[in-house]
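Student: Could we go through this model by asking what lies behind each label that is put on it?

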Amino acid sequence: MGLEEIAQRVEIGRGRSGRVFKGIDGSGNYVAIKVFTSEDFFSKLINYIFFGAPIAYTSIEDAVYSTYYGRMIFEDLVPYWTNGKVRVPKSTGVQWNPEFKAYELITEVIEGRHAALHHPFSSRTDMELSDLVDNVMKPLQEKLIEAGFDGKVWQAGLGNPAGPSNYMLERNSE
């Protein structure tokens, strides 16, 4: 997809499979950009040992487009399955990033925050994480399995202790 240059990239996150930036597209809108690259030696080693290559999204265009079109499907399914509690950020494109020598996925930005963790001063937000896990993630895992999307269940937290980091509370819901 021929996208315009994205300006003013600022890194806002990083994980085993990529780095996430916030930028401004050619229309002046904020976008999130996930660059499918891993600088973690251990993750690269595991991928080479078990799969014979680094993560497919880095260099295989069809894999990235699979993610792009899959997200379009989930843009409709996930809000339906969760009674509007969860929505998937709209994907707007895929492009090659020459700096990282990897593909990147461009999506809308979610203005919000992650569920609060428990600490001595968190009484106002203590239920956020348990509500997310019990009332959103677990039912979503069941729906994904029931619909045959077994490969996506880890994003809903099944077998993935970092699963809650895939969810944000939007500012208008606080």
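Tutor: Let us begin with a pair of strands: E1 and strand E2 (residues 18–24) run antiparallel and are joined by 6 bridges. The model is predicted, so that local features need pLDDT of at least 70 and side-chain atom pairs pLDDT 80 or more, while totals for chains, interfaces and linings use all residues. Residues are numbered from 1 along each chain as its sequence is written, and side-chain values use heavy atoms, leaving out hydrogens and water.

Student: What makes E1 and E2 a pair?

Tutor: Two strands pair if DSSP finds at least two bridges between them; E1 and E2 have 6 bridges, and in one of them Glu11 has Phe21 of E2 as its partner.

Student: How do you know which strands are the edges of the sheet?

Tutor: The open antiparallel sheet has 5 strands in the order E1-E2-E3-E5-E4, and strand E1 (7–15) and strand E4 (91–97) are its edges, since each pairs on one side only. E4 is joined to E5 by 6 antiparallel bridges, with Glu104 in E5 as the bridge partner of Gln95.

Student: Why is Phe50 called exposed?

Tutor: Exposed means over 50% relative accessible area, buried under 20%, and partly exposed in between (1.4 Å probe, protein chains only); Phe50 has 60% relative accessibility and therefore counts as exposed. Phe50 belongs to helix H1 (residues 41–51).

Student: What makes E4 mostly covered?

Tutor: In E4, 5 of the 7 residues are buried, and helix H3 (residues 61–81) lies across E4 and strand E5 (102–108).

Definitions and conventions
Helix = DSSP H or I, 4+ residues; strand = E, 2+ residues; numbered from the N terminus. Contact = heavy atoms within 4.5 Å. Axes fitted to C-alpha atoms, helices over the stretch in contact; angles between N-to-C directions.
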